[in-house]
There are 2 protein chains.
Amino acid sequence: MSLRYALLGALADSPRTGYALLKHFEQSLAYAWPASHSQIYPELARLLEAGLIEQTGTGARGSKTYAITEDGLEDVRRWLRGTEPDRRVRSEAALKTFFLWLLEPDEAASQLEHERGYWSGVLGEFRRIEEEPTGDDKKSRAFRIALEGGIRTVEARLEWLDAALAEVRSPEWAARDD
Amino acid sequence: MSLRYALLGALADSPRTGYALLKHFEQSLAYAWPASHSQIYPELARLLEAGLIEQTGTGARGSKTYAITEDGLEDVRRWLRGTEPDRRVRSEAALKTFFLWLLEPDEAASQLEHERGYWSGVLGEFRRIEEEPTGDDKKSRAFRIALEGGIRTVEARLEWLDAALAEVRSPEWAARDD
DNA sequence: GCACACATGTAAGTTGTTACATGATTAC
DNA sequence: GTAATCATGTAACAACTTACATGTGTGC
């Protein structure tokens, strides 16, 4: 149901076309709930069917503009207030960490270095977004709070990767062969 | 394919029964790759079929003990070394943050407080695990590195939640009504 | 004897991914 | 004209969840 509410939340901000929603998912929402066009378009059709959104216009190249309805707004508010979020985390990278001992020390180190490179790129991207001027309305503030969460998470991961790298590079790590 | 390698990795440590693997997933691996018994048992059957694991014994109450084969060990090492991890993050809580502006200030604050309560419990659990004595072999060290990653992530989240709470409780947040 | 944890499995439904498919407008 | 981006959709498959289903040993 999360995709449903991600769409409703985005439309609560302002009416958008399916394509604009797709782009929005590729950009900011990608870090919270990635979704592809093959998921978004059918879900929009279902939301329309359910009366939670309505089509308010048709643009160039067959684009369709959707707006949230009163029912939709109620629904997304109910979701925000009432439902316990699913807090399970799936992370292939974290999984790999458990099995780092299966690799040669230098292989383990290069895995972690690669990981550090990736997340340091993400941090740069987040910092770039942070620099962009925005309003100081509630929407912008909420966005900045979310962004701040991303930045802190990535920073913590980078610090951890440095510590992990120091450990797998230590003589103690290399020495043990069990 | 991650579940497959999670199972192979766990069996690379030592032979285990399906049920023991299930418990292992409920405990430490739950924070990296949650899986239920309805996923684990069929996947074990497939791994057996593929010759990546073998059944080495039968225990009480029909339990089956599996061990990783040479092929399996090769496969999990190839996965560890060669494949780019899927780094996409799905977080309902992060998603909700984007839409915090749809709630009344006190509702937004109580959401964040609730979230802080949850993660502070997880941190306590992680710290408890951290205190447990372990060996200093490679496996234990890799586990501790993974645990350290979890702790740092949760700590960063808690710090962020405090900052976010301060913001939604500020007069500037309450004042704006747009 | 009965509850609980152990132990394994299948089935139906939902969600998400990758691939297939098509057409319109803009920039060069 | 032709490549890129805009714009929407469907279909097959894989992964995951929830519910159904069954039987065994242990502790009280």
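Domain bounds here come from an automatic or database domain assignment, and on that basis chain A is divided into domain 1 (2-82) and domain 2 (92-175). The centres of domain 1 of chain A and domain 2 of chain A, taken over C-alpha atoms, are separated by 30 Å.

This is a predicted model, in which local features need pLDDT of at least 70 and side-chain atom pairs count only at pLDDT 80 or more, while totals for chains, interfaces and linings use all residues. Residues are numbered from 1 along each chain as its sequence is written, chains are lettered from A and ligands numbered from 1 in the order in which they are written, and side-chain values use heavy atoms, with hydrogens and water left out.

The two protein chains can be taken together. When copies are superposed by least squares on the C-alpha atoms of residues with pLDDT of at least 70 in both, a rotation of 180° with 0.0 Å of shift along its axis places chain B on chain A, with an RMSD of 0.0 Å. That is the relation of a two-fold axis. The same surface serves both copies, since 100% of the contact residues of chain B recur in chain A, where contact means heavy atoms within 4.5 Å.

Strand β3 (residues 64-68) of chain A pairs in the antiparallel sense with strand β1 (residues 16-17) of chain A over two bridges, and A:Thr17 has A:Thr65 in β3(A) as its bridge partner. Strand β2 (residues 53-58) of chain A also pairs with β3(A) in the antiparallel sense, over five bridges, with A:Glu54 standing opposite A:Ala67. The hairpin of β2(A) and β3(A) has five residues between the strands, and in this hairpin A:Arg61 takes a positive phi near 55°.

Sugar and phosphate account for 64% of the atoms of DNA strand C that come within 4 Å of the protein. The largest share of the surface near DNA strand C, four residues, is supplied by α3(B). Among the polar contacts (pairs of N or O atoms within 3.5 Å; within protein, one must be able to donate a hydrogen and the other to accept it, and residues adjacent in sequence count only if both atoms are side-chain atoms), a polar side-chain atom of A:Ser38 lies 2.5 Å from a base oxygen of DNA strand C, whereas a polar backbone atom of B:Tyr19 is 2.4 Å from a phosphate oxygen of DNA strand C.

Methods:
Two strands pair if DSSP finds at least two bridges between them. A residue is near a molecule or strand if one of its heavy atoms lies within 4 Å of it.
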